[in-house]
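Please look over the structure shown here, with attention to its pockets and what lines them.

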Amino acid sequence: MEQITAWINVLNGWVWGPPMLILILGVGFFLMLGLRLIPLIKLGFGFRMLWRGRVKQGDGDIPPYHALMTVLSATVGTGNIAGVATAIFLGGPGALFWMWCTALVGMATKYAEAVLAMHYREVDGKGRHLGGPMYYIKQGLGQKWLWMATAFAIFGVLAGFGIGNTVQANSVAHATHDAFGVPFWITGVVMAVLAGLVLLGGIKRIGEVSAALVPLMAIIYVSGGLVVLALNSDQIMPALHLVFTQAFNPTAATGGFAGATVAAAIQYGVARGVFSNEAGLGSAPIAHAAAQSNDPIAQGAVAMVGTFIDTLVICSITGLVILVTGVWDSGVTGAALSSQAFESALPGVGAYIVAIGLMLFAYTTTLGWSVYGERCAQYLLGDRAVLPFRVLWVLALPIGAIAQLDFIWLVADTLNALMALPNLIALLLLSPVVFRLTRDYFARPRLESSAEEA
């Protein structure tokens, strides 16, 4: 096992090394330029399409709004609490700047993913709308690229049981144990029951539950963060100064912080940014393909809003809370650092905000990732794989709650990068399709204005 762990550590260092980070940022930057900054310029349009998408807009399984909530249920998770703290612990305050950069170009990546997922989606024998990297690789790139679609699906299934299931159950179990003294196994069983009840209803039930829980958990966590920032308003500008200066300068050792190079700030900022918003991984377009819409551009605009909310809003609040409270150099990392920051500003309350946020975020992540894993399994094995997958997904949750998951974390993190590789290659090769569809759509003023008015 030690030898296997060592090999995977080497592979992880390679797949999340500078070439991958350059590829992720490079593809996003290329798409942003090719789209002529539309993901930034049309952000307001995206929010209007999100509001309009509360009801059915065309063929599909769930309303566009529910599709985004399903995506956010998967992306808004431990990365927003523990991931941000880890990035700052390893890369210094400057890592937050690189998380922002990843999100800005990631908006273009998410937009392109959703546009392609809608444009190339299929309908199965039971009328379910299927899409994502597997399908836009198969239909958009042809037979000679099918191996890449299959590789993505295999990595997606395996990564799901790690990052989207056992790891999340473990995070909830530790949060409930530390905050309320609940035994790990009880948390695992409760999560399995709650997840099972939702999964029986498929993506429609998941979309409904996500639409109810995601806004609630975001409001609770964001409100708590804004209160902390308000109480430490005099420290916001110094914190922002730290972020911008140390993004381009080494961070000196101070307190419990060991110091960090600029390269470390970039590496951990980008890696944790991708872990949080999943732009480029290819997971989100699987859910967006189920949207009840016949408009790939409108759904792409909704998708890019998700990255904005996840990283530029929620992750920013976590990062700034850690910095303004002055605990970033205490030597603590992960969710414990975020909890310490909230608790220092809101004694007796702050730790519970983080614990409750972590529990809700992680639980909904298991729901969202179940959609991704199920669709990947269905692509590989057909409709017969759906029910067995759901059963295995539910059974894995209690195991994750009580297990030691350092090895699973490592494997899942590596698989995430391996998912991203075929997806990023496909985005580059199919970018002319995205550019053409976008150009044609916004060249028709009447269509855009009517959509915005709606």
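## The second largest pocket

In this predicted model, the second largest pocket is lined by 19 residues, and those nearest its centre are T86, L90, Y268, R272 and D413. A pocket is an open set of points on a 1 Å grid over the protein atoms alone, where a 1.4 Å probe fits, with protein on both sides within 12 Å along at least five of seven lines, and lining residues have an atom within 4 Å of a point. Two or more lining residues come from each of α1 (2-15), α6, α13 (262-277) and α19, where helices are DSSP runs (H or I, at least four residues) numbered from the N terminus.

The space in this second largest pocket is about 290 Å³, a volume being the space filled by probe spheres set on the points, which are joined across faces, edges and corners.

## The largest pocket

About 480 Å³ of space lies in the largest pocket. Its lining has 23 residues, with S171, H174, A175, A335 and L358 closest to the centre, and the elements giving two or more of them are α6 (78-91), α9 (146-180), α16 (334-345), α17 (350-381) and α19 (406-442). The most comes from α9, with 6 residues.

## A residue of helix α1

Helix α1 includes Q3, which counts as partly exposed because its relative accessibility is 47%, between the limits of 20% and 50% (1.4 Å probe, protein chains only).

## Basis of the values

Residues are numbered from 1 along each chain as its sequence is written. Local features need pLDDT of at least 70, side-chain atom pairs count only at pLDDT 80 or more, and totals for chains, interfaces and linings use all residues, while side-chain values use heavy atoms, leaving out hydrogens and water.
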